[in-house]
Amino acid sequence: MRILVTGGAGFIGSAVCRHLIASGAELVVNVDKLTYAGNLASLRTIENYPNYTFHRADIGDEARMLDILRAERIEAIMHLAAESHVDRSIDGPAAFIQTNVVGTFKLLNAALAYWRGLDDEGQARFRFHHVSTDEVFGDLPLDEGVFTEESPYAPASPYSASKAASDHLARAWHRTYGLPVVLSNCSNNYGPYHFPEKLIPLVILNGIEERPLPIYGQGANVRDWLYVEDHARALELVVSKGTVGESYNIGGRAERSNLSVVESICDILDARRPRANGKSRRDLITFVADRPGHDRRYAIDPAKIERELGWRAEESFESGLALTVDWYLENEWWWRPIREQRYGSERLGAGRMANADST
Ligand SMILES: NC(=O)c1ccc[n+]([C@@H]2O[C@H](COP(=O)([O-])OP(=O)(O)OC[C@H]3O[C@@H](n4cnc5c(N)ncnc54)[C@H](O)[C@@H]3O)[C@@H](O)[C@H]2O)c1
């Protein structure tokens, strides 16, 4: 397949590009604006492949998107480009509306114009895969319930509201204009090449440097974690085998409180690289004022994608977290420049000290 990946220089998008190249895709076209979150270094292992190409472009540039679709004779779009950090959406929601809502609208328009120009066979084959989050469903009580594909939308943050809006647009372009759209809503991802403002990479890097490990509130908020490469495999299945007009929930059946995630990272780091003073890194955990409107718990029921597309998460949370910690220990070349030059690990979303949450 000739696939256009938007946001391919981001955390999940780069995992998707690497996965598609490894699984022998005919062509992978990465379209990314390279915001603070985009990093071409994450594509170093595939950048010289003849079936990989990169265009620096904004998904909101409809004419440019149409030109690329035509020039590269694209057969499927996997749309991941987004503003993705909840804390940033609290401080500055405008960019989230612009990229996640208006940008998705422009991309859908370009895709529709392109799709209408294809022959019958090309139209039947074409897919627009809209990649979304479980956060569109709002949150759950700490002790019961899971999100299914039928859960009502109830987004709580500017980020999740903008993603919910984009999901509705994608469905409408299918229902109203016939564009062959598939959707997926995934739980929290973690793994290699994750920008160090998010909870897991921030805690790993602060832990390596023996700096304080900040956690919002009491760390009781629960997230359902999925190793990013398991997500990339799921996305390839959805775009290639998913039923048009359907959505698929993707999750790893791995619910953990933020506190237990941080404690697990401390224990792995202590085993890999013991502190000179012999103490556990758990001593570095610091509780800080909570994020406004902080969602309590997310939990995904992935039964539909397991049943219909035969997908299963291959990594448990424990095995995936160990792989992730080892990757950060071994790949300082990737994270050191980001941490020192482009990102001061300032606290966002509440205006005080360094912190991060899972999204
Ligand atoms: N990270 C998660 O845990 C998670 C979970 C479920 C769903 N998602 C969704 O998956 C997608 C990717 O998430 P991520 O964590 O990799 O995000 P990310 O912030 O790491 O990457 C986003 C990428 O999009 C690019 N981008 C931003 N605005 C753009 C624009 N206007 N035009 C072109 N490119 C632009 C950025 O440069 C960056 O490379 C998002 O749509 C997000 O909502 C993320």
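Biologist: So, in what sense do strand β9 and β11 pair, and over how many bridges?

Modeller: Keep in mind this is a predicted model. Strand β9, residues 222-227, pairs with β11 in the antiparallel sense, over three bridges.

Biologist: And which residue in β11 is the bridge partner of Val222?

Modeller: That's Ser257.

Biologist: What's the order of the strands in that sheet?

Modeller: The order is β7-β9-β11, three strands forming an open sheet with mixed pairing. β7 (188-190) and β11 (255-257) are the edge strands, each pairing on one side only. On average, neighbouring strands in this sheet are turned by 50 degrees against each other, ignoring direction.

Biologist: Which helix lies across β7 and β9?

Modeller: Helix α8, residues 228-241, and it runs at about 70 degrees to β9.

Biologist: Switching to helices: at what angle do the axes of α9 and α11 cross?

Modeller: Roughly 55 degrees, and the axes come within 10 Å. The helices span residues 258-272 for α9 and 317-330 for α11.

Biologist: Is that crossing left-handed or right-handed?

Modeller: Right-handed, as α9 passes α11.

Biologist: Which residues meet there?

Modeller: From α9 you get Val261, Ser264, Ile265, Ile268, Leu269 and Arg272. They meet Phe317, Leu321, Ala322, Val325, Asp326 and Leu329 in α11.

Biologist: How many of the residues in that contact are nonpolar, polar or charged?

Modeller: Nine nonpolar, one polar and two charged, for the contact of α9 with α11.

Methods:
Residues are numbered from 1 along each chain as its sequence is written. This is a predicted model: local features need pLDDT of at least 70, side-chain atom pairs count only at pLDDT 80 or more; totals for chains, interfaces and linings use all residues. Side-chain values use heavy atoms; hydrogens and water are left out. Two strands pair if DSSP finds at least two bridges between them. Helices (H or I, at least four residues) and strands (E, at least two) are DSSP runs, numbered from the N terminus. Axes are lines fitted to C-alpha atoms, for helices over the stretch in contact, and angles run from 0 to 180 degrees between N-to-C directions. Contact means heavy atoms within 4.5 Å. A crossing is left-handed if the near helix is turned anticlockwise from the far one by less than a right angle, and right-handed if clockwise. Ala, Val, Leu, Ile, Met, Phe, Trp, Tyr, Cys and Pro count as nonpolar, Asp, Glu, Lys and Arg as charged, and the others, Gly among them, as polar.
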